[in-house]
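Have the structure open while you read.

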Amino acid sequence: MATYKLQVNGKTLQADVEPDTPLLWVLRDHLGLVGTKYGCGIAQCGACTVHVNGGATRSCVYPVSAVGNSQVITIEGLSEKGDHPLQLAWDEVDVAQCGYCQAGQIMTAAALLKKTPKPSDEDIANTMHGNICRCGAYHRIREAVKLASTKA
Amino acid sequence: MESVIKNSRRDFLKMTAITGGGLVLGFNWFNVEAAPVIVSDAALAGNIGFNSYLSIATDGVVTIMSPNPELGQNIMTSFPMVVAEELEADWTKVKVLQANLDNKFDRQLTGGSGAVPHSWKLLRTAGATAKAMLIQAAAKQWSVPESECTASLGYVSHRSGKKLSYGELAEAASKLSVPTDVKLKDRKDFKLIGSSVRNVENKKIVTGKPLFGLDFQREGMLFAMIQRPESFGMKLKSVDSAAAKAMPGIVDVVSFKNNVAVVGKSTWQVMKARKLLKIEYEKEGDIESTDDHNKLFLSLMDSGTATVRRKEGDVDAAFKNAAKVVKGEYQCPFLSHSPMEPMNFFAHVKPDSVELAGPTQTPARARTQVAQLLKVPEDKISLELTRLGGGFGRRLNNDFAVEAAELSSIMKAPIKLIWTKEDDMTGGTYRPAVRYRFEAALDASGNMTGYKLRGVGINAGNSTRENNFPSGSVDNLLIDSVEHKSPITTGAWRAPITNFLAYAEQSFLDEVAVAAGKDPVTFRLELLEKAKKSPAGPVRYDVDRMIGVIKLAAEKSNWGKNKNVSQGFSVYFSHASYVAQVAEVEMQGSMPVVKKIVAVADCGQVVNLGGARQQVMGGIVDGLGHAMYSKLSFKDGAAQQRNYDSYRLIRMKEIPEIETHFVDNGIDPTGLGEPALPPTGGAVANAIFKATGKRLRSQPFAELDVFKTVI
């Protein structure tokens, strides 16, 4: 066990966990931030995506010991009032079916828009290809990313 | 009836003391004998004999309880829309709450695309009754005839211009007797129904609020994972848990049935410790592999004991006298449901009660199963329904809920049981694997005079749908099925049986049309005309509705008119709805690529247009993805695909354009959670045949030669 002081959503949060604990489980079990989802546990589905220093990161395979002083942003911290352009677009396009993968989808898209504010359709498809939506809401995910990019 | 109302009135008086006013109506809207009555406070409704309800608070907020498990079918939005339509509510003031399990609900489950069809009239009656009472209250207050008052957007208005809000009227309305003969709206006056209304949970979903079973937490709960036999047909022999128990955070390791459960203080600690278990298993039943199944399919097709499902006319004579006979076989693999949220459940077995919480499609059954297991009366068990991170039929089974309860009773502690994705994929209740053989007899004019179908399934039960089209349209017909019993567990998977039967049947009918020298659409329409004019035995589908979707799909897709693409046709009736699809395939080099799918659905009245499109598009993506890429194979009783790295699901770059249309015929809703999925595999396979001349005889298509050519 070791004590980690993590920079999460602009706050310093402390967790006493083993060094190999994936960031996902630190967030969910120890910090009460359950918006980041457990899907596959092997970085294949993207449900656990968070930002580490702005980059989209699969938290299910990212050990807490590697976080250091990096800034971690989760879906809960993406915007103060839930009004990030992507969150608004997700509502406007009415993307979610079961909704389980959507936090990861949004975090992946948010990292894309930060780097590439006006992504092409190909940019969107290439980036979002890593996130599985078992309900098959891909058309609306694509549309919502596009919409958000026009409003950001 | 009168006494019920009197009792209810007393209950209502209690409520005014509790909440300070408002109208609360309880509607037994999941029971055919709907009897609207005034009930007390929302929290008490379940205790005094009423099922679900709507309430109007003095501030005008309308609260509607949503009883069915929500797994993405959007029932939390579509149910309240129907109530609000008849109530003439202001949608912006409607609040929807997920109801927990209440043993007075008649159909508190998610499955079979049945929720809206089942509740349609009752939901409407609920809204219309409340509206009538609000109008009556206003008319009384103004001393005017009710006929001079109208309701709209949360207000009752008089023709003089006077206006009162529902909130202002709620308390007075609640003191009136409940009318039993309210008039429902004419569908031409629908404002909400048929429009696109956004998911009421969107805000919570996009901000990461705890909604799902896996997010559920209780002070002091322990985390648990179970190691189950990896091979079907094996059972637990011995466990050495010393190393696992010695790991940090581990509270205990316990065995029950074939399970070895690791219980600890956090998910990760439990996950790690479980890997250190040393478990021996021994043979309990047959140990089967996919190779064995492939051999069984062929042998049972000819020699198996078949159960006759439907027989018409003289099939032998029809085939003997045929000018041409067409035969085709099709095979589908096992599939995992693999919803994004892995199986999980919370259970706290206390000395005098049991608390359950989590994602299940069948909460009442979960409670019954736990009651039987623990020998606890059902009324001592509560079940809190969380949102489901997908279901697809997997959560019709409550194995995970029963495991959680059993473990909690052993540990005497609150337990959150979590399955990993690997546990889920290797743990069963799969879509069964099936092989079909179709035979058709054609006369000299290309009419189908005989039809035979045999399904050979592994734990598939009846792998046919003997009364579906083309039954009724062929004079001589024999449909039977052979079943192989296997230790590999199977269950319902979105659009059970039809999710693969439709692909096989619609591919075969395409083969027959080609052999008969007929256009696939014309061929189907001819058969349906025959079913209409001189049916062969009972016809258990609506011929006109099927003709309707076929014709509209042909029109919307410019069937046969666009020579630059290869089109494939498919139509299927399932869960009381009709869906026709046209897939368009283009060759990119020597590789066929599905570019577009046009879908026409007749699900009766569309409730939420946006949600309905979502169900159709999602169903098509689901149907296409699994037909193209997914399979679960077995070696020595163990699933060979264990996670998304080896079990392939469709992803964004693989989706075609999808166009959706709905038949507007005013029929009451007939369900849409599943019916769009079955036709997709056949439409795609037929389009690929058109493009390449190759029949796609098995799924997943991506493994077939036609996709193996590298450009």
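In chain A, residues 24 or more positions apart account for 58% of the contacts with a separation of 6 or more. Keep in mind that this is a predicted model.

As for overall shape, the C-alpha trace of chain A spans about 45 × 25 × 25 Å along its principal axes. A compact globule with 152 residues would have a radius of gyration near 15 Å, so the 15 Å of chain A agrees with that.

Now over to chain B and one of its sheets. Here four strands line up in the order 23-24-25-28, forming an open sheet with mixed pairing. Strand 23 (566-574) and strand 28 are the edge strands, since each pairs on one side only. Ignoring direction, neighbouring strands are turned by 20° against each other on average. In general, strands of a sheet pair through backbone hydrogen bonds, either parallel or antiparallel. Here's how the pairs look:

| Strand pair (chain B) | Bridges | Direction |
|---|---|---|
| strand 23 and strand 24 | nine bridges | antiparallel |
| strand 24 (residues 577-588) and strand 25 (residues 591-602) | 11 bridges | antiparallel |
| strand 25 and strand 28 (residues 657-662) | six bridges | parallel |

B:Tyr572 stands opposite B:Val579 in strand 24. Moving on, B:Tyr578 stands opposite B:Asp602 in strand 25.

Finally, where do the chains meet? On the chain B side, 47 residues are in contact with 44 residues of chain A. Helix 6 (202-206), helix 8 (267-274) and helix 17 (609-629) of chain B each supply at least two residues of the side that touches chain A. Which of the elements gives the largest share of that side? That's helix 17 of chain B, with seven residues. By type, the residues on this side of chain B divide into 20 nonpolar, 16 polar and 11 charged.

Conventions
Residues are numbered from 1 along each chain as its sequence is written. Chains are lettered from A and ligands numbered from 1 in the order in which they are written. This is a predicted model: local features need pLDDT of at least 70, side-chain atom pairs count only at pLDDT 80 or more; totals for chains, interfaces and linings use all residues. Two strands pair if DSSP finds at least two bridges between them. Two residues are in contact if their C-beta atoms, placed from the backbone, lie within 7 Å. Ala, Val, Leu, Ile, Met, Phe, Trp, Tyr, Cys and Pro count as nonpolar, Asp, Glu, Lys and Arg as charged, and the others, Gly among them, as polar. The radius of gyration is taken over C-alpha atoms; the globule rule is 2.2 Å times the number of residues to the power 0.38. Axes are lines fitted to C-alpha atoms, for helices over the stretch in contact, and angles run from 0 to 180 degrees between N-to-C directions.
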